[in-house]
Amino acid sequence: MIDVREAITRAHHEEWARVVAALTRRFGDLDIAEEAAAEAFATAVERWPADGVPPNPGAWLTTTANRKAIDRIRRENKRGDKQKEAQMLYDDDPPESPGAIDDERLRLIFTCCHPALALETRVALTLRMVGGLTVPEIARAFLVQETAMGQRITRAKAKIKAARIPYRVPSAEDFPARVSGVLAVLYLVFNEGYLATGPDTDPVRHDLTAEAIRLTRLIRALMPQDGEVAGLLALMLLTEARRTARVSASGELVTLDEQDRGAWDVALVAEGHRLVRERLAAGVAPGPYQILAAINAVHTSARDVRDTDWSQVVALYDQLVRLDPSPIIALNRAIAVAELDGPEVALAAVDRLEDKLAGYHAYHATRADLLRRLGRSQKSRAAYDKAIELAGNTAETAYLTRRRDQLGWSTTVDGSPT
Amino acid sequence: MHYLVSVIDDTAGLATPSEMAAINAFNDRLKAEGHWVFAGGLGSPSTATVIDNRGGEALFTDGPFLESKEYLAGFWIIEAPDLDVTLKLAAEGSKACNRKVEIRPFLGVDLQPFRGE
C-alpha cells in the first residue's frame, strides 16, 4: 500500500508535465490537457491500490488522460461540429521519440512563462501545468484566496487560447531572453520559499524551495548547455544547502556569519560547486545567475567565516553590478565591502542608495548593522526600528528585534564582524 | 488569425512628418510580408459622437463615451499566425508611430473579404 502511494507520488513528479505537455500538443488546449491529466492521476489513485502499479506508469497515465480528454471533447460537442471533433480527435502526429517528449515539456514551460502574461500569472501557471501543484496549494503558497488563484489560472488559459500564444520553443533569436524569463519565474518561487514574505507562514518554506529546485533540474536536463540554467541551479543548491542552519531552534534568522557551518548540507554544497566549476571551465562570460552562484561558492568554500575570501566576493559583485546595475545588488556588494574595507566605507555606499531602497527592509537592516559596528547606537536603533516595521518574515523580525534590543550593551566599535 | 493593434496616445499632437514617414515604411512592410489588413488614424476624441439607440429614440452625445487621459489615436488590423509574430510587429509599430500600442485578438472573425487593398 505504501509502495503504491510512493509510486503515485513518483509518477506525479516524473510524469505530470509529460502528460500535460503531450495532451496540449495533441488537443491544442491547455485547459483540456490540465483537466484530463488531473483526472488520470485521480483514476490512478483509485485503481492502482487494487489493480497494482502498471509496468509503465507514464504510458498508462498518458493513455488514460487521452481517453478522458476525448470523452470531454465528445461531451461538449454533442450538437456541434463533427468535422472539428474529428480533427481534434485524430492524432496525425507520428509517435514520438523520448527526445521529442522532452521537447514537449520545454514547449509547455515556455508557453507558461510567456512574456505577454503577468509575472504572477506565469508563476501560478508554471506551478500548475509544469509542477503539477493543485490550485489550493498554489493559493496557499502565495497567500491568495483559492477562488482568486483559480480565476488567475483560468484567465491565463483563456488568454493563451484567444490571443494564440504559441505552443513552441522560441526562435533562436528570442531564446536567451525567453530562457531568462523562465529562470526569473523559478527564482521567484525559490526566493518566496527561502525567505517567505508573509507573517503567517513558516520562515522557510521547504515545499517551495524544493519545487523550484526540482523544476530547475528539469530545465537543466532539457537545456544542459545553457550556462545561466546551470548557474541558477547552482545558486539554488548552494542556498538550499544552508537552509537548516539558517533558522535557530527558537525560530530566529541566523545570518551567514553566525551559522553552524557543520550543519550545511555537504552533498548540495558539492553539487553546487561542481556546477560552478563546470561553468568556469566553459570559459564563456557568465550571466548574473552564474556570478551569484560563484559568490555563494566562495561563501560555502570557507569552513569558518574568517576564512572567507572577501576580495573575491567583492570582485564578483563588481562584475555583477556591470551586468545588472540594480540597487539591491549594490546593497549586497556594500555588505561584502564592509568586510574588506570596513563598515565606514560600506555605510557611505549604502547611504547613496536611500532614494531607491528606503522602502526595503534589508536596506535598513544593513544600515542598522553597519551603524552598530561603528558604535552609533542611537542611529542604529532607529534603523532597526524601520527594518522591523518593513520586514514580513517572522524569523527575520525576531532576529532584528534581538539585535536592536542588544544595542544597549554593545561596545563593538572597531568594525570587525561580531 | 487577426489582431487589432490600437495606438494609444496621451498627447494632443498628430503624428509628425518623421513619424508619418516611419508609419508609411512600416505599412509597406506589413503589405510586403502579407500581414496588412487595414490601418487608419482617427480624429481626436473631441470629434467623437456617442449614439444610443437602445431605447427606441437615438440619443446623440457630443464627445467620447469615456473621458480619459489616454485615448485611441488609430489602429492596425493585422494578420499573423500567432501572438509571438504579432508582438514583434506591434513592437515595430509602436516604434514607428512613437506611441504605445495595445494588441487584442479578434474572436473568430474572418476579415479576408476586406483585404482588397
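Start by selecting α15(A) and α16(A): α15(A) passes α16(A) in a right-handed crossing (left-handed if the near helix is turned anticlockwise from the far one by less than a right angle, right-handed if clockwise). Helices here are DSSP runs of H or I, at least four residues long, and strands are runs of E, at least two, numbered from the N terminus. You are looking at a predicted model, where local features need pLDDT of at least 70, side-chain atom pairs count only at pLDDT 80 or more, and totals for chains, interfaces and linings use all residues. Residues are numbered from 1 along each chain as its sequence is written, while chains are lettered from A and ligands numbered from 1 in the order in which they are written.

Stay with that pair. Helix α15 (residues 327-341) of chain A and helix α16 (residues 343-351) of chain A pack at about 165 degrees, their axes 7 Å apart. That makes α15(A) roughly antiparallel to α16(A) (under 35 degrees is roughly parallel, over 145 roughly antiparallel, 65 to 115 roughly perpendicular, and the rest oblique). The axes are lines fitted to C-alpha atoms, for helices over the stretch in contact, and angles run from 0 to 180 degrees between N-to-C directions. Now show side chains: Leu331(A), Ala334(A), Ile335(A), Val337(A), Ala338(A) and Asp341(A) in α15(A) meet Pro343(A), Val345(A), Ala346(A), Ala349(A) and Val350(A) in α16(A). Contact means C-beta atoms, placed from the backbone, within 7 Å.

Next, select residues 288-301 of chain A, which is helix α13. Buried or exposed? Of its 14 residues, 12 are buried, so α13(A) is largely enclosed by the rest of the structure. Buried means 20 or more other C-beta atoms within 10 Å of a residue's own, exposed means 12 or fewer, and partly exposed is in between, with C-beta atoms placed from the backbone. Among the buried ones are Tyr289(A), Gln290(A), Asn296(A) and His299(A).

Follow the loop between α11 and α12 of chain A to Gly251(A). Gly251(A) has 13 C-beta neighbours inside 10 Å, so it counts as partly exposed. Which residues does it touch, leaving aside neighbours within four places in sequence? Gly251(A) is in contact with Pro203(A), Thr394(A), Ala395(A) and Ala398(A).

Now go to α8(A), residues 146-162. Its 17 residues reach 24 Å from first C-alpha to last, close to the 24 Å expected at 1.5 Å a residue (the expected span is 1.5 Å times one less than the number of residues). Colour Met149(A), Arg152(A), Ile153(A), Ala156(A) and Ile160(A), the buried residues of α8(A). Look down the axis and they fall within an arc of 90 degrees, so they line one face of the helix; the arc is that of the directions from the helix axis to the C-beta atoms. Turned away from that side are the exposed Thr147(A), Ala148(A), Thr154(A) and Ala158(A). Just after α8(A), Arg164(A) has a positive phi of about 55 degrees.

Finally, zoom out. Chain A has 20 helices and zero strands, and 40% of its 418 residues count as buried. Chain B has two helices and six strands, running β-α-β-β-β-β-α-β along the sequence. Its C-alpha trace spans about 45 × 35 × 25 Å along the principal axes.

Note on methods:
Two residues are in contact if their C-beta atoms, placed from the backbone, lie within 7 Å.
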